[in-house]
Amino acid sequence: MDHIKRYYSLPLEVNGRELIIEGPISGAELAAYRFDDGLKAFRIPEMQHKALVKIADLPEGRIIVAREEDLVLGYVTFLHPDPLERWSQAKLPDLLELGAIEISPLVRAGGVAKKLLEVSFLDDAMEDYIIITTEYYWHWDLKGTGLDVWQYRKVMEKVMGSVGMIWLATDDPEICSHPANCLMAKIGGRVPPESVEAFDAMRFQNRFLY
């Protein structure tokens, strides 16, 4: 399928900082920006910056950033699921995973995450995709936020729900390994029934247990 990417941007003021929420942006654009030191939830900032540049240049890859001038203070990624994950088994070209969303401590609690998702879904092309996110508690910054796993999950559900993503059941072992983990998804209005059926088949692969 053709992966159409239309650029959008919105302003946002947080803690006296004038942010631009924009994307999808290219790898070259992202490489020209600086990456805040507080963006270290997944790997050291320099390495994560390089990883996002590569994602941005994938045919299906989408990077939406929150920046103050040339300083990236938050981002969200969309790309095909990792080949090692269950969600890649059906090789659906219209399945994208919200792979990461991270906000610098400098602008947390300012609505940045919701605004990143809002800009992400301004593109009508998102109606052609099943968008999933797999939430694992070990990726959450519990120490930095002071929240417990259930409080953090409630926050994540609220943020993802702001763009219509809903909780879905699954028997995926990694998600089922802790009750706070969850699968959420949004099925675009133009996704064909056969893709939805293939996605549902991936959600449940051990039906004999139920």
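**Strands and a helix pair**

Modeller: To begin, Leu-96 stands opposite Ile-131 in S7. The model is a predicted one.

Biologist: In which sense do S6 and strand S7 pair?

Modeller: Strand S7 spans residues 130-135. Three bridges link S6 and S7. Their pairing sense is parallel.

Biologist: How many bridges join strand S5 to S6?

Modeller: Strand S5 covers residues 71-79. S5 and S6 run antiparallel. Tyr-75 has a bridge partner in S6, Glu-102. The number of bridges joining S5 to S6 is six.

Biologist: How many residues of strand S6 are buried?

Modeller: Strand S6 runs over residues 95-103 and has nine residues. Buried means under 20% relative accessible area. S6 is largely enclosed by the rest of the structure, because the buried residues number eight of the nine.

Biologist: Are H3 and H5 roughly parallel or roughly antiparallel to each other?

Modeller: Helix H3 is residues 112-120, and helix H5 is residues 149-161. Their axes lie 9 Å apart, and they pack at an angle of about 30 degrees. Angles under 35 degrees count as roughly parallel. H3 and H5 are therefore roughly parallel.

Biologist: Which residues of H5 make the contact with H3?

Modeller: The crossing of the two helices, H3 and H5, is right-handed. H3 brings Ala-113, Lys-114 and Leu-117 to the contact. The contact holds four nonpolar residues, two charged and no polar. From H5 come Lys-158, Val-159 and Met-160.

Note on methods: Residues are numbered from 1 along each chain as its sequence is written. This is a predicted model: local features need pLDDT of at least 70, side-chain atom pairs count only at pLDDT 80 or more; totals for chains, interfaces and linings use all residues. Side-chain values use heavy atoms; hydrogens and water are left out. Axes are lines fitted to C-alpha atoms, for helices over the stretch in contact, and angles run from 0 to 180 degrees between N-to-C directions. Helices (H or I, at least four residues) and strands (E, at least two) are DSSP runs, numbered from the N terminus. Angles under 35 degrees count as roughly parallel, over 145 as roughly antiparallel, 65 to 115 as roughly perpendicular and the rest as oblique. A crossing is left-handed if the near helix is turned anticlockwise from the far one by less than a right angle, and right-handed if clockwise. Contact means heavy atoms within 4.5 Å. Ala, Val, Leu, Ile, Met, Phe, Trp, Tyr, Cys and Pro count as nonpolar, Asp, Glu, Lys and Arg as charged, and the others, Gly among them, as polar. Buried means under 20% relative accessible area, exposed over 50%, partly exposed in between (1.4 Å probe, protein chains only). Two strands pair if DSSP finds at least two bridges between them.
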